[in-house]
Amino acid sequence: MESFWSEVSGKMKDAFDKVEDKSKKDLNLIKSIPAMLSFLSDLDDDEVLMWLDQARKIKKRRTPKFPPINGDFYDTREYLNADEKLVLDSVRRFMIEEIEPIATEYWMKGEFPFQIIEKMKRLNIMGLTYNKNLGGQERSNLLEGMVGEEIARIDVSICTFFGVHAGLAMNSVYHCGSPEQIEEFIPPMIAMEKIGAFGLTEPEVGSAASMGLTTTCKREGDTWTINGEKKWIGNATFADIIIIWAKDEDDHQVKGFIVDRNTNGLETEKIEDKMSLRIVQNAIIRMKNVKVSEERRLQRANSFKDTARVLKMTRAGVAWQAVGCARGAYEHTLDYTMKRRQFDRPIAGFQMTQDLLSQMLSQLTAMQCMVARLSSLQDQGSMSDEQASLAKVFCTVGCRTITSMSRELMGANGILISNKVARFLGDAEALYSYEGTKQINSLVVGRAITGLSAFV
């Protein structure tokens, strides 16, 4: 009982002390009023009004109340059903908790955080649109696109890893493989027990891949021999299987092969000196008399038109990646402007800052609405090559613009990798170029709207 009254009396004493302190402060304020009135009496009317205006501004500066940061201004997320939103939420938590704390470190080192693969398995986001009997979920392309946006919003390199494996490599098998090949390879790829890569681009052949591949394949009985080089192949240094595209020496058509990375005659060399997507393990692949069985040839890939079917789908994915990259840059920059103070106020309250933020958000929102419609067309089975190309052009150009504005708003701090926007700025350059350059995709669109081909 004694300790109880001791505690109560202590709390009462603290309360009285606080009241006494407040009374002293109020008394001091009252005592200062004559001096303030004397000061104001010496000012003319305009000076008094200016002084009061500055006093009001100072009060506002001290207690700014900022709304939540949200780069989805038109609520495109609302196109998803409740179950799909839960999937998206799980991806966001994973990216914030597991990737964001390490992204800058691994980007600077140019290394891939292999420890995340086991954790990504639990997300179950590979093969979202695939049949359930293969381990897929039969969900919408819209959800898969938004998953890509969420990943790229934190780090574009991890999204590229996702896109190469779940997009390029898996789609090659799923859409160009035989039923037996699909049954053999797709389930372990969905489970991430086998990681895939996609080998199309070559050291001297990028945009001209449809006709100019120098990697060759030749059949002798039930064995194919592949010779040549590939470049910029993501995941190639550690993937279990690599989809290799080569020109048949006999009929001059492009064929696809499922090649084990450890096959004799196949070597990979990591590309080191990149300014973009530094976490992605891009490699040069050299193949000398690589032997592949007929069973590993993609049975429904008999010309470059089949390769293009895969590229059409992944171009839609890259458009979503660009949206995510731009959104990440925009949201980080908005947060920065709320915290960065100049002239004793947040720079978010400056007119030129708000003008640039509005321009960024306008571009970002237009991009989001475009890719949402594109995925809707994809879900209907009516998405065309030119529609995918238009989205890829618009969104990657917009991403470049938004990340550049982000860097501008952050001033000198914008070139620091630790402030994240510089990382988005660098990664935007890769998005602008891969899966078909801006110019090549523009020509695909131009051919569709004019009826005339401008390709050489």
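In the predicted model, a patch of negative charge on the surface is formed by Asp44, Asp45, Asp46 and Glu47. Aspartate 44 lies in the loop that connects helix H1 (2-41) to helix H2 (45-62). Its relative accessibility is 41%, so aspartate 44 is classed as partly exposed.

The interior was examined next. In soluble globular proteins, nonpolar side chains tend to be buried together. The largest nonpolar core comprises 104 residues. Within this core, the residues with the most contacts are Ile125, Val147, Ile151, Ile186 and Trp245. Helix H9 (residues 304-339) is the element that gives the most to the core, contributing 15 residues.

Salt bridges number 29 in the structure. One of these joins the side chains of arginine 296 and aspartate 260, with an N to O distance of 3.3 Å. This pair links distant parts of the chain, the two residues being 36 residues apart. Arginine 296 is located in the loop between strand S7 (283-293) and H9, whereas aspartate 260 belongs to strand S5 (residues 254-260). Aspartate 260 has a relative accessible area of 30% and is therefore partly exposed.

Glutamate 331 and arginine 327 are both buried, that is, each has under 20% relative accessible area. Both residues also take part in a network of salt bridges, in which Arg327 and Glu331 are linked with Arg92, Glu149, Glu150 and Arg153.

A further salt bridge is formed by aspartate 344 and arginine 341. The closest N and O atoms of this pair are 3.8 Å apart, within the 4 Å cut-off for a salt bridge. Aspartate 344 counts as partly exposed because its relative accessibility is 47%. Arginine 341 has a relative accessible area of 35%, so this residue is partly exposed as well. The pair of aspartate 344 and arginine 341 is thus partly exposed on either side, whereas glutamate 331 and arginine 327 are buried.

Key. Residues are numbered from 1 along each chain as its sequence is written. This is a predicted model: local features need pLDDT of at least 70, side-chain atom pairs count only at pLDDT 80 or more; totals for chains, interfaces and linings use all residues. Side-chain values use heavy atoms; hydrogens and water are left out. Patches are made of residues with over 30% relative accessible area and no salt bridge: like charges are joined within 9 Å, nonpolar side chains (Val, Leu, Ile, Met, Phe, Trp, Tyr) within 5 Å. Accessible areas come from the Shrake-Rupley method with a 1.4 Å probe; for residues, only the protein chains shown count as cover. Lys and Arg count as positive and Asp and Glu as negative; His and the chain ends are not counted. The place of a charge is taken as NZ of Lys, CZ of Arg, CG of Asp or CD of Glu. Helices (H or I, at least four residues) and strands (E, at least two) are DSSP runs, numbered from the N terminus. Buried means under 20% relative accessible area, exposed over 50%, partly exposed in between (1.4 Å probe, protein chains only). A nonpolar core is a set of buried Ala, Val, Leu, Ile, Met, Phe, Trp, Tyr and Cys residues joined through side-chain atoms within 4.5 Å.
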